[in-house]
Amino acid sequence: MKKLLALVVLCLLINSLTVAKKFKEGEKPSWAKKDIRDFNDADMERLLEQWEEDDDPLEPDELPEHLRPPPSIDMGSVDASNPENILKLSKKGRTLMSFVSVNGNPTREETEDITKLWQTSLWNNHIQAERYLIDDNRAIFMFKDGAQAWEAKDFLVEQDRCLHVSIENKEYKGKHNRDEL
């Protein structure tokens, strides 16, 4: 009896594997019969879905940033009296931009030289920041790890030519500025 049951299960398993094909040999959906040059966006999307159907899901660190799970924050170890610590932890591993203004009335070249020097100093301190000039006296510093933005802010506000640094819509005045805001 056990051998008969095992044989029936084996036959069902083999049958289900052979029937599980997506399409029979001669049959294809109408969109798949078209020449590839005649495919529209919907056909290409269906082809991509069919291609990725049996793929393993990506690891969380391989996902695009907007699809990654947010970092978990242990509220027990966070100093709740300082809201910047909570912000710093919530931005860990996320891209963050900060805006930096140079005081005085610098030319674009002066701003380029000053912010390039600041960027190099940050890199020397293992804070990775990309720099983009957006005005004659303003630049964006983009951090791949948002938690580093607050460490960079502490450095930048100490610089002689820093007017202010803006992170998450909060402005921090440079310590050497002459109230030019």
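Predicted model: local features only at pLDDT ≥ 70, side-chain atom pairs only at ≥ 80, totals over all residues.
**Figure 1. Strand S3 and its burial.** S3 spans residues 138-143. Of its 6 residues, 5 are buried, so the strand is largely enclosed by the rest of the structure. Across the chain of 181 residues, 27% count as buried.

**Figure 2. The S1 and S3 pair.** Strand S1 covers residues 96-102. S1 pairs with S3 in the antiparallel sense, over 6 bridges. Look for Phe99, which stands opposite Ile140 in S3.

**Figure 3. The S2 to S3 hairpin.** Strand S2 runs through residues 129-133. A hairpin of 4 residues joins S2 to S3. The two strands run antiparallel and are joined by 5 bridges. Two of the facing residues can be picked out in S3. Met142 is the bridge partner of Glu130. Phe141 is the bridge partner of Arg131.

**Figure 4. Helix H4 crossing helix H5.** H4 is residues 108-124, and H5 is residues 148-156. Their axes come within 11 Å and cross at roughly 125 degrees. That angle makes H4 oblique to H5. The crossing is right-handed.

**Figure 5. Residues at the H4 and H5 contact.** From H4, the view takes in Trp118, Ser121 and Leu122. These meet Ala152, Phe155 and Leu156 of H5. The contact residues divide into 5 nonpolar and 1 polar, with no charged residue.

**Figure 6. Where the close-ups sit in the chain.** The chain holds 5 helices and 5 strands. Along the sequence, the pattern reads α-α-α-β-α-β-β-α-β-β. Among contacts with a separation of 6 or more, 52% come from residues 24 or more positions apart.

How values were computed. Residues numbered from 1 in each chain as written. Heavy atoms only, no water. Buried < 20%, exposed > 50% of the residue type's maximum accessible area, 1.4 Å probe, protein only. Pairing = 2+ DSSP bridges. Axes fitted to C-alpha atoms, helices over the stretch in contact; angles between N-to-C directions. Parallel < 35°, antiparallel > 145°, perpendicular 65-115°, else oblique. Left-handed = near helix turned anticlockwise from the far one by under 90°. Contact = heavy atoms within 4.5 Å. Nonpolar A, V, L, I, M, F, W, Y, C, P; charged D, E, K, R; others polar.
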